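Keep the viewer open as you read, and select the residues as they come up.

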Amino acid sequence: MFYPKNSLKKLQKLVPSKLLSLLQNIHSSLLSRWILNYGSQPLTLSQKSVMVFSPHQDDETLGCGGMIAQKRAQAIPVTVVFLTDGQGGIGSEPDKNKVIQIRKQESLKALDILGVNAANIYFLDKVDGRLQDLDEQEKQQTVNKIAELINLYKPGEIYVPHYKDCHRDHEVSFQLVKVAIAQTKITTELLQYPIWLFWRSPLFILLKLSDISPAYRLSIASIKEKKQQAIAAYSSQIKNLPNGFLKQFLNLDEIFFKTLF
Ligand SMILES: [Zn+2]
């Protein structure tokens with residue numbers, strides 16, 4: 001078959017990325033299904049207060065939206081802290097300030113649906129995509145700010161993306177929060193949520209069994225619609241996600257990994 005030169009180029013670009021998405025979709029489904037069916041224990045919703053650290057405006061809802069909604073339905077305090085300003089999030093919009101504002105508004109709307117009041121939402125406004133580039137001073141300032149918030153709210157549970165989440169902002173978020181918790185000396189549980197872990201890790205890194213254990217599954221069946229609505233509030237984000245990616249977050253369970261200090 002004859003393809004004009006430009007179309008051929010387009011096709012070459014298109015096929016590998018579509019194929020990649022398809023492979024990632026399959027890997028991700030298999031891995032999460034295996035964890036849900038064989039590699040996890042059920043988690044009972046505790047009465048402990050919560051602080052969720054989210055690198056970008058959407059990670060908290062995708063990874064923890066069901067947990068947040070269930071906690072809030074029982075009037076358990078939930079605080080959400082966004083580490084970056086999200087400015088890298090909308091490819092087609094050149095005005096970074098506009099992007100930041102759109103994503104902030106979307107996060108306030110999503111969290112309102114999940115039952116979190118704006119007074120319990122913090123934006124640390126670090127530059128999106130650059131968390132690993134913080135110099136020593138900025139890093140210490142960020143850790144201090146995180147520690148200050150933890151000391152203020154004394155959450156019984158802290159949620160942060162998985163330490164091998166295959167996204168640098170996400171992995172650095174884990175490190176910053178872990179150092180901050182040690183600085184506070186409060187007793188809390190640190191739970192890790194997967195965002196890119198299942199999607200990217202099978203192809204690019206080898207996961208050790210110890211990386212995905214101990215895994216827990218929290219049933220979110222009772223508030224699934226609410227989580228769906230909150231995800232829909234991130235309209236600027238969901239249209240840019242790879243095919244099949246969102247499906248992972250619409251399961252009847254959320255997966256968390258307990259951190260063993
Ligand atoms: Zn993110």
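## Enclosed spaces and open pockets

Strand S8 is the main contributor to the lining of the largest cavity, giving 3 residues, the most of any element. Please keep in mind that this is a predicted model. Helices H1 and H2 join S8 here, each of the three supplying at least two residues of that lining. The largest cavity has a volume of about 140 Å³. It is lined by 14 residues, and those closest to its centre are Pro194, Gln248, Phe249, Asp253 and Ile255. By class, the lining of the largest cavity holds 7 nonpolar, 4 polar and 3 charged residues.

How many cavities of 30 Å³ or more are there? The count comes to 2. The second largest cavity has a volume of about 30 Å³, and the residues around it are Asp58, Leu62, Ile231, Tyr234, Gln237, Ile238 and Leu241. Its lining is made up of 5 nonpolar, 1 polar and 1 charged residues.

Now for the open spaces. The largest pocket holds about 370 Å³ of space. Among its 20 lining residues, Asp58, His167, Trp196, Gln237 and Leu241 are the closest to the centre. Asp58, Gln237 and Leu241 are also named in the lining of the second largest cavity. Helix H2 (59-73) and helix H6 (197-204) each bring at least two residues to the lining of the largest pocket.

The second largest pocket has a volume of about 190 Å³. Of the 13 residues lining this pocket, Tyr163, Gln192, Ser210, Thr259 and Leu260 lie nearest its centre. Helix H5 (168-184) and strand S8 (253-258) each supply at least two of its lining residues.

## Where H2 meets H3

Helix H2 also packs against helix H3 (residues 96-114), at an angle of about 35° and with the two axes 8 Å apart. On the H2 side the contact is made by Glu60, Thr61, Gly65, Ile68, Ala69 and Arg72, while H3 brings Ala110, Leu111 and Leu114. Sorted by class, this contact has 5 nonpolar, 2 polar and 2 charged residues.

## Two residues to look at closely

Ser29 sits in helix H1 (residues 5-37). Is Ser29 buried or exposed? Ser29 counts as buried because its relative accessible area is 16%, under the 20% limit for that class. A polar atom of the Ser29 side chain lies 2.9 Å from the backbone oxygen of Asn25.

Glu93 belongs to the loop between strand S3 (78-84) and H3. With a relative accessible area of 22%, Glu93 is partly exposed. Apart from its neighbours within four places in sequence, Glu93 is in contact with Lys98 and Val99. For a sense of scale, Glu93 and Phe123 are 30 residues apart in sequence, and their C-alpha atoms are 21 Å apart in space.

## Backbone details worth a check

Most residues other than glycine have a negative phi, and most peptide bonds are trans. With that in mind, a few places deserve a look.

Ala75 is not a glycine, yet its phi is positive, at about 60°. This alanine lies in the loop between H2 and S3. Ala75 counts as exposed because its relative accessibility is 58%, and the class begins over 50%.

Asp125 also has a positive phi of about 60° without being a glycine. Where is Asp125 placed? Asp125 is in strand S4 (residues 121-126). Its relative accessible area is 37%, so Asp125 is partly exposed.

Finally, the peptide bond from Ser213 to Pro214 is cis, with omega near 0°. Pro214 is found in the loop between H6 and strand S7 (215-219).

Conventions: Residues numbered from 1 in each chain as written. Predicted model: local features only at pLDDT ≥ 70, side-chain atom pairs only at ≥ 80, totals over all residues. Heavy atoms only, no water. Helix = DSSP H or I, 4+ residues; strand = E, 2+ residues; numbered from the N terminus. Buried < 20%, exposed > 50% of the residue type's maximum accessible area, 1.4 Å probe, protein only. Polar contact = N/O pair within 3.5 Å; in protein donor to acceptor, adjacent residues only side chain to side chain. 1 Å grid on protein atoms, 1.4 Å probe; cavity = no way out; pocket = protein on both sides within 12 Å on 5 of 7 lines; lining within 4 Å. Points joined across faces, edges and corners; volume = space filled by probe spheres on them. Axes fitted to C-alpha atoms, helices over the stretch in contact; angles between N-to-C directions. Contact = heavy atoms within 4.5 Å. Nonpolar A, V, L, I, M, F, W, Y, C, P; charged D, E, K, R; others polar.
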